Amino acid sequence: MGQLILNTLSQTLGNFFSALTLFLPRVLSMVVVIVAGFLIALVLKLIVRRIFGIAGFRKYCDSAGLTQMMRKAALPPPVDLLGQLIFWVVWIVFIVLGVDALGIGALREQISRFFLFLPQIFVALVVLFIGLLIANFFSRATLLAAANANYPSARLLATLVRLLIIIFFVTMALEQIGLGRRVVLIAFSIAFGAVMMGTAIAFGLGGRDVARRFLERQFTDKEEPTEKDEEISPL
Amino acid sequence: MAEELFLSDEFIRKLTAVGEVDILVGVPTFNNRRTIEQVVNAIQLGLVKYFPRERVVLINPDGGSNDGTPEAVRNSSILDFRTLLSLSPLRTIHRITTTYGGVDGRGSAWRIIMAAADLLRAKACAVVSPDLESISPEWIEALVRPVYKEHCDMVTPIYHRHKYDGMLVNNIIAPVISAVYGVRVREPVGGEIGFSGRLACRFLEQDVWHEEFVRAHSEIWMITRAIADGCKLCQSFLGPKIHAPEASSQNIVATIQQALGTLFRCMESQEDYWLPRTEAPQPVPVFGFEYSSGVEPRRFNRKKLLAMFQNGVSQLTPVLESILSAETLAQVRDVAQQNGTPFRFPDELWVKIVYEFAASYHHSVINREHLLQALTPLYRGRIYSVVLENQRADSEQIEKRRELLSEEYEKQRPYLVENWTRKP
């Protein structure tokens, strides 16, 4: 009985070590590929930044207003972003190659799918970028309008607006790469409802004096003198 | 002529029927039924009383009023005032009404008036607001005579105001124009203005009338353009200015956005003129006898002003961080933490803020409309401080403080130039 256990154990260990000796070089080559990929990506990033720097791309972006647009979306300048993009694309390709070197069948299938996905991922990234721009713009607009109307939780309101818009665009991006199709519909319904509610609140806050005057005119014979909070005429 | 394209055939026909004129007075209107009769009558009396021998015309571009304003202009007649006049009008006062593109098209109204001045070969022109309650016939003389007799190119008004009135003009617009353009104009945004027909033609030739900043506050553009072109400016004292109540309750946020947006855009388009300038600001001659009289006091909720300033600073810190320098923002936050009567928003800090906002606007660090909106809470803090400081001040002390603020703007001008010209 004891002998049987020992035999089984030694066989298992033998199998494990033989599998390990087969697998370890693959892991090692994966690490080498990933590290090399990191270094190549880094060098490429620096080269791209240098080339665009020499070519005056930064100035061109400034004059075309692209830098301002990126700044408004809380993103780095175009040259830096391009460098980052190249770095990540190159490194991800190397990571995928490294993982492929492991030789796991299921992973291989996923990797080939990943490459098919790449164009959709690119479109999704563009959607996300536009979403970020829109979210930042409306979030700041909300913050300023609410703060100027002396609304106490202006920042909270602005964060909510930003979050809502980002959620909406993330869902759209997910839809683009084929994930969570149903979620898009639900998210859109929620976001649309929230926007309508926000608009109603905005109209309520912004136009309350107009509404009050209108109601007073409709339901009273005479206009009551109303207390004015800010009578300093600016001009 | 290019300007004829935006004038209706009917309007051109009426202008042609008038022929040539010496003096043109324009009154752009939009739903001003309540005050327009008084304004038109004052204009007509002024013209008959002070310019009885001149050929005159009154042009009324209307933005599509639905309260009978244009009809009131057309129906008013100088014959109703025979008892007020020692002499009879020697010539007909022509009154021509036309329409322009709605409430936001103030620039279009100005353009129509200038085109009419060009077509009628007017020697002197004046434009007055339609919502005035304090206008008198003397205003017409004060605005027209310096152009017609003294050969000035442009006449800006000086009003007798309550010490808390015209805060934006006193705290930003006038001192910035003085320090930046080197001309001390007291009221660069008054609704009343006089100018020569020659200057009207020159303005008309400029390809700027489609620009939003010119349409919003044409007066600021006209004054800065006139200064940059080396025109002869003068000022006329008009007396107290009282607007119809609905006109004086303006929205501060929108007014700041429009007026300062126009000023900063003008600075941007005319930087070749003002950036190299090094001379001290020059005074502008004043016509008319300046007197002071009792004006209606201004009341407001001070507590709310302070609260809005403090709340604004704390809520808008992330936005202000991208507009102001770290040092200035820290000072603003210190000011916002003050409470009660010792509250003070120093001139030095205020000028620094305005200049940093101007430079940030120029460099478009964030959306320009957002940037101007972010100034509103700080402006509220500033006027709260000014009101506290001037509570017991008489007109002499107020004038002295205004001078000191102007000097501060002039002193810090190199700081503006440095920020304006640095790379973002």
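Buried, as the word is used in these legends, means under 20% relative accessible area, and the model shown in every view is a predicted one.

**View 1. A salt bridge between Arg161(B) and Asp165(B).** The closest N and O atoms of Arg161(B) and Asp165(B) are 3.3 Å apart. Arg161(B), with a relative accessible area of 17%, is buried, and Asp165(B) is buried as well, at 5%.

**View 2. Arg368(B) and Glu268(B) in a salt bridge.** The two side chains meet at 2.6 Å, N to O, and the pair links distant parts of the chain, since Arg368(B) belongs to helix 17 (residues 368-389) of chain B and Glu268(B) to helix 11 (residues 252-269) of chain B, 100 residues apart. Glu268(B) is buried, with a relative accessible area of 16%, whereas Arg368(B) is partly exposed at 22%.

**View 3. The surroundings of strand 8 of chain B.** Eight of the eight residues of strand 8 (residues 233-240) are buried, so this strand is largely enclosed by the rest of the structure. Strand 8 of chain B pairs in the parallel sense with strand 5 (residues 154-160) of chain B over seven bridges, Leu233(B) being the bridge partner of Met154(B). Strand 8 of chain B also pairs in the parallel sense with strand 10 (residues 286-287) of chain B, here over two bridges, and Gln235(B) has Val286(B) as its bridge partner.

**View 4. A nonpolar patch on the surface of chain A.** Val31(A), Val35(A), Phe38(A), Leu39(A), Leu42(A) and Leu46(A) form this patch, with about 490 Å² of accessible area together. Val31(A) is placed in helix 1 (residues 2-54) of chain A and is partly exposed, with a relative accessible area of 40%.

Key:
Residues are numbered from 1 along each chain as its sequence is written. Chains are lettered from A and ligands numbered from 1 in the order in which they are written. This is a predicted model: local features need pLDDT of at least 70, side-chain atom pairs count only at pLDDT 80 or more; totals for chains, interfaces and linings use all residues. Side-chain values use heavy atoms; hydrogens and water are left out. Patches are made of residues with over 30% relative accessible area and no salt bridge: like charges are joined within 9 Å, nonpolar side chains (Val, Leu, Ile, Met, Phe, Trp, Tyr) within 5 Å. Accessible areas come from the Shrake-Rupley method with a 1.4 Å probe; for residues, only the protein chains shown count as cover. A salt bridge is a side-chain nitrogen of Lys or Arg within 4 Å of a carboxyl oxygen of Asp or Glu. Helices (H or I, at least four residues) and strands (E, at least two) are DSSP runs, numbered from the N terminus. Buried means under 20% relative accessible area, exposed over 50%, partly exposed in between (1.4 Å probe, protein chains only). Two strands pair if DSSP finds at least two bridges between them.
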